[in-house]
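Biologist: Please take a close look at the surroundings of the ligand. Walk me through that part step by step.

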Amino acid sequence: MSAHTSFNKQDLKVLLLEGVHPVAEDIFRQDGYENVTYHKTALSESELLEAINDYHFIGIRSRTQLSDKVLSSAKKLVGVGCFCIGTNQVDLVAAQNRGIPVFNAPYSNTRSVAELVLGEMIMLLRGIPAKNAAAHRGEWLKTAALSNEARGKTLGIIGYGHIGTQLGILAEGIGMKVRFFDIENKLTLGNAEQVTELNELLAHSDVVSLHVPETEQTKGMMGQSQIAQMKPNSILINASRGTVVDIDALANALENKHLAGAAIDVFPTEPKSNSEEFQSPLRAFDNVILTPHIGGSTQEAQENIAIEVADKLIKYSNNGSTMSAVNFPQVSLPEHDKRHRILHIHKNRPGVLMQINQILSDNDVNISGQYLQTQGELGYVVTDIEQGSSQTALEKMRDIEGTIRARVLY
Ligand SMILES: NC(=O)C1=CN([C@@H]2O[C@H](COP(=O)(O)OP(=O)(O)OC[C@H]3O[C@@H](n4cnc5c(N)ncnc54)[C@H](O)[C@@H]3O)[C@@H](O)[C@H]2O)C=CC1
Ligand SMILES: O=C(O)CCC(=O)C(=O)O
């Protein structure tokens, strides 16, 4: 990592929440960021509103809600790291409007989710959750009724992305037939088959597994009528987002024995901490595997995520690189040894680049490299300069109409 930054690293404050893997804190400290606060849990909204004003970087997982209201209190915030895949807990537009890039770890926990779902699928096809629960109560359910091999069964995957594709390959490995539904045309891996109608997938799958992000389209996508379309005695698995499945409709389908079982890892409302009671109508069913949103919670995944996201935040802080930010123009930058680098974030409108260059020219500043990228409403110009007063130029650039924020890296 470059040692050159506009801020004294000791003055930059980093807040890590929700027990992200401790290696994240080590990485910040090793890079010279001494001011790192680590919390094992999420903060309540009022605690967050009070604390966030002090921090330049925040690291969260899926529980912390970075709403417009919270972000409006985050006056010093430079970057957000989601130590997970989903970024729906952050108001991405509000962050973008404030010139704050949001980073995540798009791949690091995907294998963990795929492995969990594979295991759940095999257990549910054998009816193990119900037999296990009965045995814990002293009952002996020795029967082959509704107990099936996975081999030869059809797995229907909804959302054939990083997790869906890995699950498909693992399932083929144990002899399952894989079909999937996705809004995009996808390159199929192995012998998987893409279907164009969701209902067609639902009607012919022995197991349906959801791997879509939370969007306006996916909220409630498995409602009463979709669950009714599922094959009798089939199984529903959701390790995507809690809003995707109508839990009451699922409970009804289990109650009237339309479905043979389910595995649910994510819920419309999840406890805010491990000490809060988990409430769900699904608690009544022995044939449902209930897990506390731990699809991606393995040691391997959490450590990889911590390394990936901490590195991205530090790189943005030290070097200005926004590669893989989810709400920001993406610029990959070389190191800027022996040069000053000015970062200018502005509303995407004509003429800003021209004004930046005019200011540099007026101040006798020689440009050695320049990078411009825009995304939607936002523009990001990075200018490397060889000499001259970067500070004076920076002050003038801050006055350009539409400027959201600007800083210099030494
Ligand atoms: N339970 C857990 O701990 C975890 C949950 N997740 C959740 O899993 C989701 C999926 O993760 P990845 O596979 O890595 O994401 P991805 O972005 O690689 O794949 C998502 C796929 O869903 C498709 N899609 C989007 N909208 C759709 C729709 N309306 N109908 C059908 N397909 C649609 C996309 O085209 C894409 O192919 C994440 O967004 C996250 O919410 C991810 C990691 C851990
Ligand atoms: O580990 C977490 O807190 C959330 C995992 C998850 O759902 C994600 O990566 O999107």
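Modeller: A residue is buried if 20 or more other C-beta atoms lie within 10 Å of its own, exposed if 12 or fewer, and partly exposed in between, with C-beta atoms placed from the backbone. By that rule, 43% of the 410 residues in the chain are buried. This is a predicted model, where local features need pLDDT of at least 70, side-chain atom pairs count only at pLDDT 80 or more, and totals for chains, interfaces and linings use all residues. Residues are numbered from 1 along each chain as its sequence is written, while chains are lettered from A and ligands numbered from 1 in the order in which they are written.

Now to ligand 1. The shell around ligand 1 holds 31 residues. A residue counts as near if its C-beta atom, placed from the backbone, lies within 6 Å of the molecule. Gly-159, Gly-161, Pro-213, Gly-295 and Gly-296 come nearest. By class, the shell has 11 nonpolar, 15 polar and five charged residues. Here Ala, Val, Leu, Ile, Met, Phe, Trp, Tyr, Cys and Pro count as nonpolar, Asp, Glu, Lys and Arg as charged, and the others, Gly among them, as polar.

Helices take part too. Helix H5 (110–125) and helix H7 (162–173) each supply at least two residues of this shell. H7 gives the most, with three residues. The chain comes to 13 helices and 16 strands. These are DSSP runs, numbered from the N terminus: helices are H or I with at least four residues, strands E with at least two.

Last, confidence. The model scores ipTM 0.99 and pTM 0.90.
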